[in-house]
Amino acid sequence: MHETLFDAEAMIADWRRYLEQRRALAGEDIDELEDHLRGQSVELQGTGLSEEEALFVAIRRLGKLDAISHEYALEHTERLWKQLVMGSGSATRGTTDRELLVVLLLAAAAAFSFKIWDLSGLFALHPDQDLPLFYLVHAPYFVVPWLCGYFFWKRSLQRADRVKIVPPLVAGLVVMNVYPFIPLGDTHLLGILHLPIALWLVVGFAHAGDRWQGDSGRMDFVRFTGELMIYYSLIALGGGVFMALTVMLFSSIGLNPAQLVFTWILPCGATGAVLVAAWLVESKQGVIENIAPVLTRVFTPLFTLLLAGFLVTKLFAGQDMAMERDVLIIYDIVLAMVLGLLLYALSARDLMAPPGWFDRLQLTLVVCALLADLIALAAIAGRITEFGFTPNRLAVLGENLILLVNLGWSAVLYRRFIQGQQPFAALVHWQMVYLPVYAVWAAAVVILFPPLFGFV
Amino acid sequence: MKLNKDLMAASATPLVLAILAEGDSYGYAIIKRVKELSDGQLEWTDGMLYPVLHRLERQDYIMARWGTAETGRKRKYYQLTDNGKAQLAEHRQQWQTVDQALRLVWSRLVQGATVPVISGVY
């Protein structure tokens with residue numbers, strides 16, 4: 001008879017990992033149960049069992065895990081709600097405290113980078129006047145550098161890589177300030193709208209660090225973006241309530257706090273909150289489920305219905321579309337939504353899972369979006385041949401073509417996946433490779449369109 | 001012998017409190033003591049004791065602290081609180097009442113089944 005090597009510690013470690021998947025059991029509970037397991041096992045060995053047998057019996061005597069964790073759950077219901085507790089937890093306390101400090105400093109710096117132009121009197125804010133154009137033009141610059149700084153602080157990235165973010169930031173600054181734009185003319189407005197899209201890629205580069213070349217690094221950035229938008233919206237809602245209460249409280253004692261609210265709370269809050277939201281997204285990873293994929297699940301069927309209904313209506317009762325500018329913009333927004341739904345469905349999907357009904361639904365959605373995109377493209381093309389190019393038409397044409405290519409190839413890949421000819425990862429890879437295309441096009445709109453169209 | 005679920009739930013609290021009244025203890029030792037006291041007749045599912053201990057801790061009948069076992073590993077010890085002592089006394093009274101009533105009725109049943117009723121025993 002030969003001895004097989006039995007590693008009791010490895011088995012206990014496995015058992016612990018298994019318990020750790022149960023939400024109702026906290027780390028200290030598992031420590032306590034482990035102590036029990038070891039005590040029982042030692043005693044059983046005293047009766048002549050081998051270490052291996054003793055451990056098996058001891059684990060068995062602890063009882064059915066489902067039943068036990070059910071009892072724990074009854075006693076600790078709060079644990080079923082995953083809590084994002086800041087600065088608690090013994091081991092990581094020091095680092096989270098320091099991170100909070102860094103984030104608050106960066107948020108203050110972001111707010112200050114906005115406020116300084118008001119305080120210096122160059123672009124003063126007035127509660128009853130429009131925001132000076134300066135702030136719209138430079139909006140990304142109050143946030144993007146500080147966000148990049150946060151990620152640089154958080155992740156290790158070579159200095160040579162860090163400075164790569166400088167040229168695009170400087171280029172945007174130069175273009176927006178040196179080009180002889182007609183204020184709020186077509187190309188100026190397009191530049192203001194497209195600059196943030198182009199610079200968001202810079203944030204992605206800083207976020208992914210040295211993982212930017214891989215699909216997973218980029219996908220993490222997509223997840224980060226979705227969660228950031230949701231967190232920022234939630235903070236903005238809270239901020240709205242806060243400002244409304246500020247106004248009401250001070251009004252009740254006969255003061256008008258508009259100056260305070262519109263020149264301090266709103267601008268400082270709106271810029272600083274981006275950093276705070278980014279920090280929330282970073283620190284909640286793995287603590288709370290991502291919410292963007294959940295919304296995706298809810299809205300994918302609804303958007304599929306909307307687009308299918310629209311296409312059918314157009315087919316039977318449709319008249320020629322009024323191809324006004326705002327109608328085209330609605331088309332673009334719908335298509336961008338579809339792309340978002342596709343991306344966030346991908347971001348939460350188990351790459352190994354076999355095709356299911358949701359994949360078929362996604363494919364339906366993509367095909368409907370493709371058809372809608374073709375309709376829009378036909379309309380734009382008609383308008384361009386009739387009236388010639390304008391900056392707006394060219395921008396919309398480009399965006400629709402980019403979406404057409406993306407959605408078209410996605411539909412092909414999705415179909416192949418559902419038919420079992422290709423792994424799901426191919427679809428993810430395609431989307432991730434495509435990610436920079438949006439930013440490159442946006443950069444082209446910012447940099448090339450103005451001279452092309454004479455800065456109108 | 002496996003107790004039914006309700007009885008086990010009802011008896012766990014006084015048993016644990018009473019065992020802790022004998023002195024501070026920890027999970028595994030408490031379960032061993034239960035077996036000892038019942039001559040091996042009472043078999044709890046070991047894992048079920050711990051949620052009970054946590055409930056008693058929340059109710060402030062017992063207090064927990066982390067200590068070190070003889071093996072050098074960390075171990076969670078439980079100690080009866082003043083509240084727990086009062087609770088134990090109350091439990092004891094209730095159980096004695098139940099016990100008395102049951103004894104009476106058991107003895108009547110036994111007597112009724114075997115020998116003619118002898119009045120005036122109780």
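Visitor: In chain B, what share of contacts between residues at least 6 apart in sequence join residues at least 24 apart?
Guide: In this predicted model, the share for chain B is 49%.

Visitor: How many helices and strands does chain B have?
Guide: Chain B has four helices and three strands. Along the sequence, the order is α-β-α-α-β-β-α.

Visitor: On to the strands. Which way do β2(B) and β3(B) run?
Guide: They run antiparallel, joined by seven bridges. One pair is B:I62 with B:L80 in β3(B).

Visitor: What sits between those two strands?
Guide: Five residues, and the strands form a hairpin. In the turn, B:G72 has a positive phi of about 90°.

Visitor: Where does β1(B) pair?
Guide: With β3(B), also in the antiparallel sense, over two bridges. There, B:Y26 stands opposite B:Y77.

Visitor: Switching to chain A. What is its mean pLDDT?
Guide: The mean is 86, and 93% of residues in chain A reach 70 or more.

Visitor: Where is the pLDDT below 50?
Guide: Over residues 87-92 of chain A. Beyond near neighbours in sequence, that stretch has four contacts in the model. Where pLDDT is low, the predicted coordinates should not be read in detail.

Definitions and conventions:
Residues numbered from 1 in each chain as written. Chains lettered and ligands numbered in written order. Predicted model: local features only at pLDDT ≥ 70, side-chain atom pairs only at ≥ 80, totals over all residues. pLDDT = per-residue confidence, 0-100. Contact = placed C-beta atoms within 7 Å. Pairing = 2+ DSSP bridges.
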